[in-house]
Amino acid sequence: LPVLTTTVLAPLGDAAPALWLLLARAGGLLALVLAFRLAARLAGGAGRWFAGAVAALGLLATTGFLRGVAGGSSEGILIALLLLALDRHLDGRRGQAFGLGVAASLLRPEVWPFLAVYAIWLWRRDPGSRMPVATGLMFVPVLWLAPELWGSGDLLRSSERAASS
């Protein structure tokens, strides 16, 4: 997802890094708002404001969250995508939840197993969603690996570099 985003921003020249930083920070802020909103929603009643505050403050206190968001890492966006996916699921918008899961999977491969479990559940629960689910599952590895192949000609160059670091 960062590669796709920075590719879209690249024609903006010198403004592209600042725009990425703006997006990353906005994602972190959205993650805090969504943490508050979901906790308040799940708690309900008189304690909803307290639950929301605890969730937002808990995320804010997570080691490295502020530094990462301030520095422009994609983890704030990842958290926002996952929390929004949960919100969409709770609202019965399963297709939107799955799409947000696909987007989160383009940020971190650790999301893949959770997306697969949700895809199996959605596949069985809603036969009408099978084509979008299959398409989404197909796009994750393609969009994860193909840019490396197109850019360097070596499908596994990034993993080899990561292993040698």
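Trainee: What does Ser105 touch, leaving out residues up to four places away in sequence?

Mentor: Ser105 touches Val111, Trp112, Leu115, Val140 and Trp144, where contact means heavy atoms within 4.5 Å. Keep in mind that this is a predicted model, in which local features need pLDDT of at least 70 and side-chain atom pairs count only at pLDDT 80 or more, while totals for chains, interfaces and linings use all residues. Residues are numbered from 1 along each chain as its sequence is written, and side-chain values use heavy atoms, with hydrogens and water left out.

Trainee: Is Ser105 buried or exposed?

Mentor: Ser105 has a relative accessible area of 0%, so it counts as buried; buried means under 20%, exposed over 50% and partly exposed in between, with a 1.4 Å probe and protein chains only. Ser105 belongs to helix α6, residues 94-105, helices being DSSP runs of H or I with at least four residues, numbered from the N terminus.

Trainee: And how confident is the predictor?

Mentor: The average pLDDT of the protein chain is 90, and 91% of the residues score at least 70; pLDDT is the predictor's confidence in each residue, from 0 to 100.

Trainee: Next topic: which residues have the most contacts inside the largest nonpolar core?

Mentor: They are Trp20, Ile77, Leu78, Leu81, Ala104 and Leu107, in a core of 13 residues. A nonpolar core is a set of buried Ala, Val, Leu, Ile, Met, Phe, Trp, Tyr and Cys residues joined through side-chain atoms within 4.5 Å. Helices α2 (15-43), α5 and α6 each supply at least two residues of this core, and α5 gives the most, with four.

Trainee: What about salt bridges, how many are there?

Mentor: The count comes to seven, a salt bridge being a side-chain nitrogen of Lys or Arg within 4 Å of a carboxyl oxygen of Asp or Glu. Arg37, Arg41, Asp87, Arg88 and Asp91 are linked in a network of them.

Trainee: Where do Asp91 and its partner Arg41 sit?

Mentor: In the salt bridge between Asp91 and Arg41, the closest N and O atoms are 2.7 Å apart. Asp91 lies in the loop between α5 and α6 and Arg41 in helix α2, 50 residues apart, so the pair links distant parts of the chain. Asp91 is partly exposed at 34% relative accessible area, and Arg41 is partly exposed at 35%.
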